Amino acid sequence: MERTRKQQITTAINEWLSHEGRSGAQLAEHAGVNAAYISLIKKGNYEVSSANGNTPISDKAFNQLANALGITWETTRHWETHNYRKIMSLCKSTQKQKRRALLDADTGLGKTYALESYASKNDKVLYIKVTRTMSQKDMLDEIVKKLRIKDILRGNRSKMMAIQKKVINTPDFLIIIDEAEYLKNTLFDLVKEIADFTHRKCGMILSGMDLRQKIEFLAAKHKHGFPQLKRRFFPNIMQIQDMGSKTKGRKAEVEEICKSEGITETTAINVFKQYVYDYDMLAQWIADVRAFIEREGRQITGQEMIELFDLNY
């Protein structure tokens, strides 16, 4: 791993530890790394001393810390986008008001990045990312692990009771379940149960792609549990639109981001405005254009962008 990225992790560790009540041991446990590494890395020391000399701390350990601290490498810098601000506001209000909310957004619109960013900066947030193969047991085990519940628990019911006790006894808590489009029907039952015991005791966000449509469809067919799930989450829905929506504002945002990344040629920016429809695409194109600028020592033109990306402009 490049030294600049290791230094970014050092900065993030020290900022994380600056909050009252946090310790290196807690971070080490959360990240799954040796606690001694935290003491070294926070001082900018990236090697371990031994009788045989110094050994570099493994990239695996740095990557585990990066994941635990919410650090991503996809873009050169954080963008304070319209979607990012909306999602951060939703998280804050949901947490403060102890309500339920549904966040529906297509892929590439910054939903997961914003949710992970909010969770990484707040001790009282539980963030769970659903996977295609996740079972009830998998989800409960993941929640128990992230809540650092030490009790020996056997069976889903005992795990659920321990989670309930932990969550409702922590003031101003927020639960985020992301990529919920992968939830199996049995997991929706689990989500409904969590929503029930947290009602007016903590906030809860259910987030995913085409989630509103899926729940509405299954509720209309009176599938078990879905009418109740709809009643719990549909009063507070945030729908994140793609970058082709509200064209004037989105195009202005694309231009602002391009200029912040050192892309200033008007015709090139116009190509970005014309074709970019999500932030993943924007990040990839910016990386390619910046590589062109660094290689050629000059700005790229709109025509050169059309040729670079093989566009029909």
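Reader: What does aspartate 141 count as, at 27% relative accessibility?

Author: Aspartate 141 counts as partly exposed at that value. Buried is under 20% relative accessible area, exposed is over 50%, and partly exposed lies in between, using a 1.4 Å probe and protein chains only. Bear in mind that this is a predicted model, where local features need pLDDT of at least 70 and side-chain atom pairs count only at pLDDT 80 or more, while totals for chains, interfaces and linings use all residues. Residues are numbered from 1 along each chain as its sequence is written, and side-chain values use heavy atoms, with hydrogens and water left out.

Reader: OK. Which side chain does aspartate 141 meet in a salt bridge?

Author: Lysine 137, with 2.8 Å from N to O. A salt bridge here is a side-chain nitrogen of Lys or Arg within 4 Å of a carboxyl oxygen of Asp or Glu. Lysine 137 is partly exposed as well, at 46% relative accessibility.

Reader: Which side chain does arginine 295 meet?

Author: Arginine 295 meets glutamate 296 in a salt bridge of 3.5 Å, N to O. Arginine 295 is exposed, at 56%, whereas glutamate 296 is partly exposed at 40%.

Reader: Switching to the inside. Which residues touch the most other members of the largest nonpolar core?

Author: Met139, Ile163, Ile175, Leu183 and Leu206, out of 38 residues in that core. A nonpolar core is a set of buried Ala, Val, Leu, Ile, Met, Phe, Trp, Tyr and Cys residues joined through side-chain atoms within 4.5 Å. Elements that each supply at least two residues include β4 (125–129), α7 (136–146), β5 (174–178) and α9 (185–197). Helix α9 gives the most, with seven residues.

Reader: What does methionine 139 touch?

Author: Leaving out residues up to four places away in sequence, methionine 139 touches Ile128, Val130, Met134, Ile177, Leu183, Leu187 and Leu190. Touching, or contact, means heavy atoms within 4.5 Å. There is also a second, separate core of 24 residues, with Cys258 and Leu282 among them.

Reader: How do α7 and α9 pack, then? What's the angle?

Author: About 40°, with the axes 9 Å apart. Axes are lines fitted to C-alpha atoms, for helices over the stretch in contact, and angles run from 0 to 180 degrees between N-to-C directions. The two helices are therefore oblique to each other. For the labels, under 35 degrees is roughly parallel, over 145 roughly antiparallel, 65 to 115 roughly perpendicular, and the rest oblique. Gln136, Met139, Leu140 and Ile143 of α7 meet Thr186, Leu187, Leu190 and Ile194 of α9.

Reader: And what about α2 with α4?

Author: Helix α2 (residues 24–31) and helix α4 (residues 59–68) pack at about 100°, with axes 9 Å apart, and are therefore roughly perpendicular. Leu27, His30 and Ala31 of α2 meet Gln64, Leu65 and Ala68 of α4.

Reader: Where is valine 33?

Author: Valine 33 is in the loop between α2 and α3 (35–41). This residue is buried, at 12% relative accessibility. Not counting residues up to four places away, valine 33 touches Ala28, Ile38, Ala61, Gln64 and Leu65.

Reader: Last one, the big picture. How many helices and strands?

Author: 15 helices and seven strands. Of the 313 residues, 43% count as buried. The C-alpha atoms fill a box of roughly 65 × 65 × 30 Å along the principal axes.

Definitions and conventions. Helices (H or I, at least four residues) and strands (E, at least two) are DSSP runs, numbered from the N terminus.
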